Amino acid sequence: MAELAAFLLFAGGLAATMGGLVWLGSRIRRRGVGGEVMGPVDEIFHPSAHRFRVEIRVQEERMAPMPAPGDQENRRRPRPGTRGRSVGGSG
């Protein structure tokens, strides 16, 4: 009976540890954390993944270019239903 209790205790501990690792892995994947931790390991054992992660980080840090002052996108467009009248005016 003592051997059964020891086995059940071991199996329960192993199941809890595996469940905790699965939960931690999903949480890290959802939050996007862990790239800095696995970076050196990826660099050694999977160089293409490391290069891909570095490229993603560079693209995330880039800012979108600001439009020039004369661009068409900066002009105010009339709202639908105003038929070209000024939005705040009486015209």
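Mentor: pLDDT is the predictor's confidence in each residue, from 0 to 100. The model shown above is predicted, and the mean pLDDT of its protein chain is 77.

Trainee: What share of the residues reaches a pLDDT of 70 or more?

Mentor: That share is 71%. Confidence is highest in helix H1, at a mean of 91, and lowest in helix H2, residues 35-45, at 74. Where pLDDT is low, the predicted coordinates should not be read in detail.

Trainee: What secondary structure does the protein chain have?

Mentor: The chain has 3 helices and 0 strands. Along the sequence this gives the pattern α-α-α.

Trainee: Why is aspartate 42 called buried?

Mentor: Buried means under 20% relative accessible area. Aspartate 42 has a relative accessibility of 13%, so this residue counts as buried. Aspartate 42 belongs to helix H2. Leaving aside residues up to four places away in sequence, aspartate 42 is in contact with Pro47, Ala49, His50 and Arg53. For arginine 53, the C-alpha to C-alpha distance from aspartate 42 is 9.4 Å, across 11 residues of sequence.

Trainee: Why does phenylalanine 10 count as exposed?

Mentor: Exposed requires over 50% relative accessible area. Phenylalanine 10 has 56%, so the residue is exposed. Phenylalanine 10 is part of helix H1, which spans residues 2-31.

Trainee: Which residues make up the nonpolar surface patch of about 710 Å²?

Mentor: The patch is formed by Phe10, Leu14, Met18, Leu21, Trp23, Leu24 and Ile28.

Trainee: How much of the protein chain counts as buried?

Mentor: Of its 91 residues, 7% count as buried. The chain has an accessible surface of about 8,600 Å², and carbon and sulfur atoms account for 62% of that surface.

How values were computed
Residues are numbered from 1 along each chain as its sequence is written. This is a predicted model: local features need pLDDT of at least 70, side-chain atom pairs count only at pLDDT 80 or more; totals for chains, interfaces and linings use all residues. Side-chain values use heavy atoms; hydrogens and water are left out. Helices (H or I, at least four residues) and strands (E, at least two) are DSSP runs, numbered from the N terminus. Buried means under 20% relative accessible area, exposed over 50%, partly exposed in between (1.4 Å probe, protein chains only). Accessible areas come from the Shrake-Rupley method with a 1.4 Å probe; for residues, only the protein chains shown count as cover. Patches are made of residues with over 30% relative accessible area and no salt bridge: like charges are joined within 9 Å, nonpolar side chains (Val, Leu, Ile, Met, Phe, Trp, Tyr) within 5 Å. A salt bridge is a side-chain nitrogen of Lys or Arg within 4 Å of a carboxyl oxygen of Asp or Glu. Contact means heavy atoms within 4.5 Å.
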